[in-house]
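Colleague: I have a model open and would like to learn how to read its features. Where do we start?

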Amino acid sequence: MALENILTEIKNEVLVITINRPDKLNALNKQTLEELHETLVNAENDKSIRALIITGSGTKAFVAGADIAEFANFTTKEGQQLSSNGHFKVFNFIENYSKPVIAAVNGFALGGGLELAMACHMRVVSSNAKMGLPEVSLGVIPGYGGTQRLAQLVGKGKAFEMISTADTISADDAYKWGLANHITPQEELLNKCFEITAKIITKSPVAVKAAIKAINAGYNNKFNGYEVEIEEFGKSFGTNDFKEGTTAFLEKRKAIFLGN
Ligand code: COA
């Protein structure tokens with residue numbers, strides 16, 4: 001599939017995905033979600049890519065939501081399909097991705113845009129960012145995981161308030177509430193993300209993957225997070241990365257991880 005709505009660039013072993021519909025404030029239409037899915041699938045198997053950054057084009061918006069024009073006439077069934085397809089192909093897919101994914105939130109992150117940022121493992125936001133889940137203003141609720149992930153990140157009370165008032169919050173509040181890991185001036189946003197990825201890519205990819213799995217398990221009622229941790233911890237002992245990491249420590253040298 002030719003990519004029309006997203007740009008990709010590999011830099012410092014990191015795939016930067018830029019959602020590129022600036023005239024629609026990078027709103028997520030079906031085509032963009034399909035392109036995101038395809039890009040994520042391809043990058044998962046590419047060993048040269050160690051982490052991902054997702055951002056929006058321009059200086060105004062990360063993503064201003066799902067494309068309202070596209071779903072305005074949907075039926076109940078189509079609404080359910082839209083939501084479940086999005087969960088499966090993009091939002092849950094990112095949350096459970098085997099490599100760290102950072103959202104570089106460069107402006108408005110509203111509705112599906114904030115949901116996209118929340119599906120990522122970390123969020124770095126620019127000081128002009130504005131975040132919210134305004135779906136009730138449209139007579140609908142967040143459908144790409146927002147009711148769940150916002151409560152996980154900021155607590156149930158603040159999630160109720162943000163979702164029921166449709167209020168947007170500032171970058172400062174997002175940082176205070178735990179929604180944003182870091183705030184930076186807009187021109188520093190990607191550098192801050194690269195600073196984080198630069199640390200991650202010196203570590204064991206298999207261990208980072210296992211950590212993502214164990215952390216997520218605690219937020220998924222199909223699993224017991226502690227049991228998943230025990231299993232993943234044990235499995236680490238069978239990896240070459242573990243042998244290399246411990247040997248390098250004992251030999252007082254830097255580990256060179258091959259990711260197996
Ligand atoms: N879906 C589809 N199109 C969208 C969009 C969305 N979620 N958000 C913005 N756009 C489009 C606008 O329709 C407009 O297109 P047009 O120029 O063809 O008319 C363009 O992007 C620019 O947006 P505009 O509203 O003119 O910019 P603004 O600076 O006045 O306002 C926002 C910015 C973000 C406050 C406003 O666009 C907005 O409220 N967007 C919807 C947010 C939302 O409800 N998201 C949740 C969806 S589930």
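Modeller: Start with burial. Buried means under 20% relative accessible area, exposed means over 50%, and partly exposed lies in between. Phenylalanine 242 has a relative accessible area of 30%, so it is partly exposed. Keep in mind that this is a predicted model.

Colleague: Which class does phenylalanine 237 fall in, at a relative accessible area of 41%?

Modeller: Phenylalanine 237 is partly exposed as well.

Colleague: How many aromatic pairs does a search of the whole structure find?

Modeller: The search finds 4 aromatic pairs. Take phenylalanine 91 and tyrosine 144. Their ring centres are 4.4 Å apart and their planes meet at 15°, so this pair is stacked.

Colleague: Where in the chain do phenylalanine 91 and tyrosine 144 sit?

Modeller: Phenylalanine 91 belongs to helix H3 (residues 76-95). Tyrosine 144 is in the loop between strand E8 (130-132) and helix H5 (146-154).

Colleague: What angle do the ring planes of phenylalanine 237 and phenylalanine 242 make?

Modeller: Their planes are at 45° and their centres 4.5 Å apart, so the pair is tilted. Ring pairs also bring in Phe233, giving a cluster of Phe233, Phe237 and Phe242. For a charge over a ring, look at lysine 158. It lies over the face of tryptophan 177, at 5.0 Å from the ring centre.

Colleague: Now strands. How should I read the side chains of one?

Modeller: In a regular strand, side chains alternate between the two faces of the sheet.

Colleague: Which strands pair with E7?

Modeller: Strand E5 (residues 101-105) runs parallel to E7, joined by 4 bridges. There, isoleucine 102 has methionine 122 as its bridge partner. Strand E10 (residues 182-184) also pairs with E7 in the parallel sense, over 3 bridges. Serine 126 stands opposite threonine 184 of E10.

Colleague: And a helix?

Modeller: Check span first, then cover. Helix H9 (residues 205-217) has 13 residues and reaches 18 Å from first C-alpha to last, close to the 18 Å expected. Its buried residues are Val208, Ala210, Ile212, Ala214, Asn216 and Ala217. Their cover includes H3, helix H8 (189-200) and helix H10 (225-236).

Colleague: What about charged side chains?

Modeller: Side chains of opposite charge can pair when their charged atoms come close. A search of the whole structure finds 10 salt bridges. One of them joins glutamate 95 to arginine 149, with the closest N and O atoms 2.8 Å apart. Glutamate 95 is in helix H3 and arginine 149 in helix H5, so the pair ties together parts 54 residues apart in sequence.

Colleague: Are glutamate 95 and arginine 149 buried or exposed?

Modeller: Both are buried.

Colleague: Which residues form salt bridges with arginine 253?

Modeller: Glutamate 244 is one, with closest N and O atoms 2.8 Å apart. Glutamate 251 also meets arginine 253, at 2.8 Å from N to O. Glutamate 244 is buried at 17% relative accessible area. Arginine 253 is partly exposed at 35%, and glutamate 251 is partly exposed at 49%. Finish with a network: salt bridges link Lys213, Glu231, Glu232 and Lys235.

Key
Residues numbered from 1 in each chain as written. Predicted model: local features only at pLDDT ≥ 70, side-chain atom pairs only at ≥ 80, totals over all residues. Heavy atoms only, no water. Phe/Tyr/Trp six-rings, centres within 6.5 Å; stacked < 30°, edge-to-face > 60°. Helix = DSSP H or I, 4+ residues; strand = E, 2+ residues; numbered from the N terminus. Buried < 20%, exposed > 50% of the residue type's maximum accessible area, 1.4 Å probe, protein only. Lys NZ or Arg CZ within 6 Å of the ring centre and 35° of its normal. Expected span 1.5 Å × (residues − 1). Contact = heavy atoms within 4.5 Å. Pairing = 2+ DSSP bridges. Salt bridge = Lys/Arg side-chain N within 4 Å of Asp/Glu carboxyl O.
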